[in-house]
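Thanks, everyone. Let me put the structure up, and then we'll walk through it from the inside out.

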Amino acid sequence: MSLIPFSPPRIDDEIINEVTAALKSGWITTGPRTKQFEKDLSAYNGNPNTLCLNSATAGLEIMLRWFGVKEGDEVILPAYTYSATANVVMHCGAKPVLVDVDPVDFNIDPAKVKAAITTRTKVIMPVDIAGLPCRYDELNAIVKSPEITALFKAEGERQQQLGRIMILSDAAHSLGGTYKGKKTGNQADVTVYSFHAVKNLTTAEGGAIALNFPAPFNNEDIYKYLCIFTLHGQNKDALAKMQKGNWKYDIIEAGYKCNMTDLMAAIGLVELRRYENDTLPRRKAICNYYHQTLTSYPWAELPLLKDDQRETSYHLYQLRIKGITEEQRDAIIQKIFDEDVSVNVHFIPLPRLSFYKNLGYDINNYPVTYDNFSREISLPIFYDLSQEQLKRVTDAVIHSVEAVMSNA
């Protein structure tokens, strides 16, 4: 019996043909396909402008640097997230301020956010864990409230222009998720997506910055500047330089190098065309199957997929097992693998990772985060997961949980 993988990418003839066409076109770095992908993403999400890059991590760091985040500043983020969310804060010399999460949906707790704000807070980075959007109305209300704006110490023109804490959404999981009927990309000042190989929509690696700044900002102008900032500070990209007689360029600042290539965008163009009407419905069907199959088991704590304001992008199915220890969870995972089914855990909390633990972050200060993590098992979701494989997954989970719990 072959191993059921956790989340392989969907690579079919349509994608292969588009990548081949990109190779034959002569444009394999940033070019027409990347620019088209950016336009298509903006049209899909409904935000003003989108910049594609080589990773979501780059997008998060670029926006922190654009906003002037530096040593002495603080950025609030959940203790329950992947390391990239905090690493980019460290890269800027700022301090990650970790807060606990909601016990129901894994997302950052707005009340904990408000309590953590100081005069050094420059950015809040909510994370749409598993694809379910955070409670953005509450977060936006916090940063716009008079008592919090009074605490904000603006440094530099961009901070002065915004006049408050910036909300930078880590939406690595949530492309296609909705909040109050709108796609993610419309709720925060900036939303950053990931197109890594395991994501719903992949470009092999890759990410995008969805700009959504309020007036008086001009998102088109920010986009144009970011195109330069993410390409060495060079005022012309390769496409522009190839126009007749247009070879001369200038470097206007010491920028970064994190542009998306047309080979990556070729995959993304195909993925996005079929995302809403093909990919998302299939992933939703898989999650609904897990819901229907596991709901009758008293030990199964099912993830929140939809409520009256939000619907997930069905990126992860985060099952929690009631009444178990972390060690029992690990034993269950091993038994599931023994039945040739791949599962995962999302995520090891930041305070449990050596780097952040050594900085003094203590998991005991984030009890909800630890409780969620200690009982969580992510089940496989991918487009070609068959009904027979789905039954194998749930059978393996049920057998493994009951075997471990019966020995407790």
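I'll start with the largest cavity. It is lined by 15 residues, and Pro 8, Arg 10, Lys 199, Asn 200 and Arg 283 lie nearest its centre. Its volume is about 130 Å³. By class, the lining holds seven nonpolar, four polar and four charged residues. For the classes, Ala, Val, Leu, Ile, Met, Phe, Trp, Tyr, Cys and Pro are nonpolar, Asp, Glu, Lys and Arg are charged, and the others, Gly among them, are polar. The whole structure has four cavities of 30 Å³ or more.

A word on sources. This is a predicted model, where local features need pLDDT of at least 70, side-chain atom pairs count only at pLDDT 80 or more, and totals for chains, interfaces and linings use all residues. Numbering runs from 1 along each chain as its sequence is written, and side-chain values use heavy atoms, with hydrogens and water left out.

Confidence next. Mean pLDDT (the predictor's confidence in each residue, from 0 to 100) is 97 for the protein, and 99% of residues reach 70 or more. The lowest mean is 68, in helix H10 (residues 238-241). The highest is 99, in strand E2 (residues 74-78). Helices (H or I, at least four residues) and strands (E, at least two) are DSSP runs, numbered from the N terminus. Where pLDDT is low, the predicted coordinates should not be read in detail.

Now the largest pocket. Its volume is about 660 Å³. Of the 36 lining residues, Tyr 82, His 173, Val 198, Lys 199 and Phe 347 lie nearest its centre. H3, H4 (83-91) and H13 each supply at least two lining residues. The lining divides into 16 nonpolar, 13 polar and seven charged. On terms: on a 1 Å grid over the protein atoms alone, a cavity is a set of points where a 1.4 Å probe fits but cannot get out, a pocket is an open set with protein on both sides within 12 Å along at least five of seven lines, and lining residues have an atom within 4 Å of a point.

Phe 347 has one more feature. A cis peptide bond joins His 346 and Phe 347, with omega about -5°. Phe 347 sits in the loop between H13 and helix H14 (354-358). Another cis bond joins Ala 215 and Pro 216, at an omega of about 15°. Pro 216 is in the loop between strand E9 (207-211) and helix H9 (219-229).

On to the largest nonpolar core: buried Ala, Val, Leu, Ile, Met, Phe, Trp, Tyr and Cys residues joined through side-chain atoms within 4.5 Å. Which of its 59 residues touch the most other members? Met 63, Leu 64, Met 125 and Leu 168. Helix H3 (residues 56-66) gives the most to this core, with seven residues.

Look at Leu 168, in strand E5 (residues 166-170). It is buried, with a relative accessible area of 0%. Buried means under 20%, exposed over 50%, partly exposed in between (1.4 Å probe, protein chains only). Beyond four places in sequence, Leu 168 is in contact (heavy atoms within 4.5 Å) with residues including Leu 60, Met 63, Val 123 and Val 192.

Phe 106 has about 75°, and is buried at 2% relative accessibility. Lys 180 has about 55°, and is partly exposed at 45%.

Definitions and conventions. Points joined across faces, edges and corners; volume = space filled by probe spheres on them.
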